[in-house]
Amino acid sequence: MSNEENITSIEAVHNSGGDSSNALGNFNLTIKRTFDTKKLSPKVTKRVLFLKDIQVKHDELEEKFLEEKAALEAKYDSLYKPLFDKRYEIVNGVAEAEIEKGVPNFWLIAMKTNEMLANEITERDEGALKYLKDIRCCRVENNSRNFKLEFLFDPNPYFKNSVLSKTYHVTDDDDDGPVLDKVIGMDIEWCPGKCLTHKVVVKKRPKKGSKKVNNIPMTKTENCESFFNFFKPPEIDEVDECYTTMDEELQNLMDQDYDIAVTIRDKLIPHAVSWFTGEALVDDDEYNDDENDD
């Protein structure tokens, strides 16, 4: 059936005022997304133009909403900051004059109380995370969706960085909504022999009769589980623009990585004290129960 016949069928339905099920029985639904409204009947054309006017008004309101939302988030970011600064001073003993200062292992305990973050922390990581003195989140490029996580550390024997950061760039897709566009991690300057993301494995001794070099056992370095792998995001290979696919395993890693970041941003940072005391567990369980009921 040609496009003209398709449009004629549409007009017949609109103009007949009768039952549309029979009129559309043989209608081909695979028509083009855009078509010339001049080919429609005057009445239908008028209705389509009126609908387009509604869409324009909606888009104007949505644009205004996003502007006001960004301004509101910026306003409250500035209101939150003094509270987070005060928390930082108390946790790290800056605001006290007593001999015993600060709250030992504050962030390590808070992170381990959250199930998702606890699963990422190994026993080897805990020594380094005891030097963590603050976690902060800030917007990037004045975009309410883009954000950077910053982990501030005291001088420690594990690495030389005083700040470890990770940045997330999110774009808006017309069809799928917010889409993770880019993740930027950073290199950790490990002190000699202190790298937590790799381990040295001793290879099996050679069989009898094989050559040995000074009887020194052979070793190799392998990747290992560690929370600090978080700062090296999964690598995404370049793909063809016309046909983009992502390996399912890689997609799962990207989703998990973003979930961890959002958990730190939305749960851990604003409610760190509740996670430290364990009170957040109750609230989190109630929230999950509500979600299951829904």
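1. Is Thr263 buried or exposed? Thr263 is buried, at a relative accessible area of 10%, where buried means under 20% relative accessible area, exposed over 50% and partly exposed in between, with a 1.4 Å probe and protein chains only. The residue lies in helix H7, residues 248-268. Leaving out residues up to four places away in sequence, Thr263 touches Asn114, Met116, Leu117 and Leu268; contact means heavy atoms within 4.5 Å.

2. On the basis of the note: this is a predicted model, in which local features need pLDDT of at least 70 and side-chain atom pairs count only at pLDDT 80 or more, while totals for chains, interfaces and linings use all residues. Residues are numbered from 1 along each chain as its sequence is written, and side-chain values use heavy atoms, with hydrogens and water left out.

3. Overall composition. The protein chain has nine helices and six strands; these are DSSP runs numbered from the N terminus, with helices being H or I of at least four residues and strands E of at least two. Of its 294 residues, 26% count as buried. For contacts between residues at least 6 apart in sequence, 53% join residues at least 24 apart. The chain exposes about 21,300 Å², and carbon and sulfur atoms supply 50% of that area; accessible areas come from the Shrake-Rupley method with a 1.4 Å probe, and for residues only the protein chains shown count as cover.

4. The largest nonpolar core. A nonpolar core here is a set of buried Ala, Val, Leu, Ile, Met, Phe, Trp, Tyr and Cys residues joined through side-chain atoms within 4.5 Å. The largest one has 38 residues, and those touching the most other members are Ile135, Phe151, Phe159, Phe228, Phe230, Ile264 and Leu268. Two or more residues each come from helices H4 (106-113), H6 (123-129), H7 and H8 (272-277), and from strands S1 (132-140), S2 (143-153) and S3 (163-173). H7 gives the most to this core, with six residues. In soluble globular proteins, nonpolar side chains tend to be buried together.

5. Phe151 in detail. Apart from neighbours within four places in sequence, Phe151 is in contact with Leu132, Asp134, Ile135, Ser162, Val163, Leu164, Phe227, Phe230, Phe231 and Ile264.

6. Salt bridges. The count is nine, a salt bridge being a side-chain nitrogen of Lys or Arg within 4 Å of a carboxyl oxygen of Asp or Glu. Lys166 pairs with Asp257, with the closest N and O atoms 2.3 Å apart. This pair links distant parts of the chain, Lys166 being in strand S3 and Asp257 in helix H7, 91 residues apart. Both Lys166 and Asp257 are buried.

7. Two further pairs. Asp134, one of the contacts of Phe151, forms a salt bridge with Arg136 at 2.8 Å between the closest N and O atoms. Asp134 is buried, with a relative accessible area of 3%, whereas Arg136 is partly exposed at 33%. Lys57 and Asp53 also meet in a salt bridge, at 3.5 Å from N to O. These two are separated by about one helical turn, because they are four residues apart in helix H3. Asp53 is partly exposed, at 35% relative accessible area.

8. H4 is mostly covered, with six of its eight residues buried: Phe106, Trp107, Leu108, Ala110, Met111 and Thr113. Phe276, found in helix H8, is in contact with Val103, Pro104, Asn105, Phe106, Ile109 and Ala110, leaving aside neighbours within four places in sequence. Phe276 and Thr113 are 163 residues apart in sequence, with their C-alpha atoms 6.9 Å apart in space. Phe276 itself is partly exposed, with a relative accessible area of 27%.

9. Surface patch. Leu72, Tyr76, Leu79, Tyr80 and Leu83 form a nonpolar patch with about 510 Å² of accessible area together. Patches are made of residues with over 30% relative accessible area and no salt bridge, with like charges joined within 9 Å and nonpolar side chains (Val, Leu, Ile, Met, Phe, Trp, Tyr) within 5 Å. Leu72 is in helix H3, residues 42-91, and is partly exposed at 48% relative accessibility.

10. Cysteines. The disulfide count is zero, the criterion being a pair of cysteine sulfur atoms within 2.5 Å. The sulfur of Cys224 is 7.1 Å from the closest cysteine sulfur, in Cys195, which is too far for a bond. Cys224 is buried at 14% relative accessibility, and Cys191 is buried at 17%.
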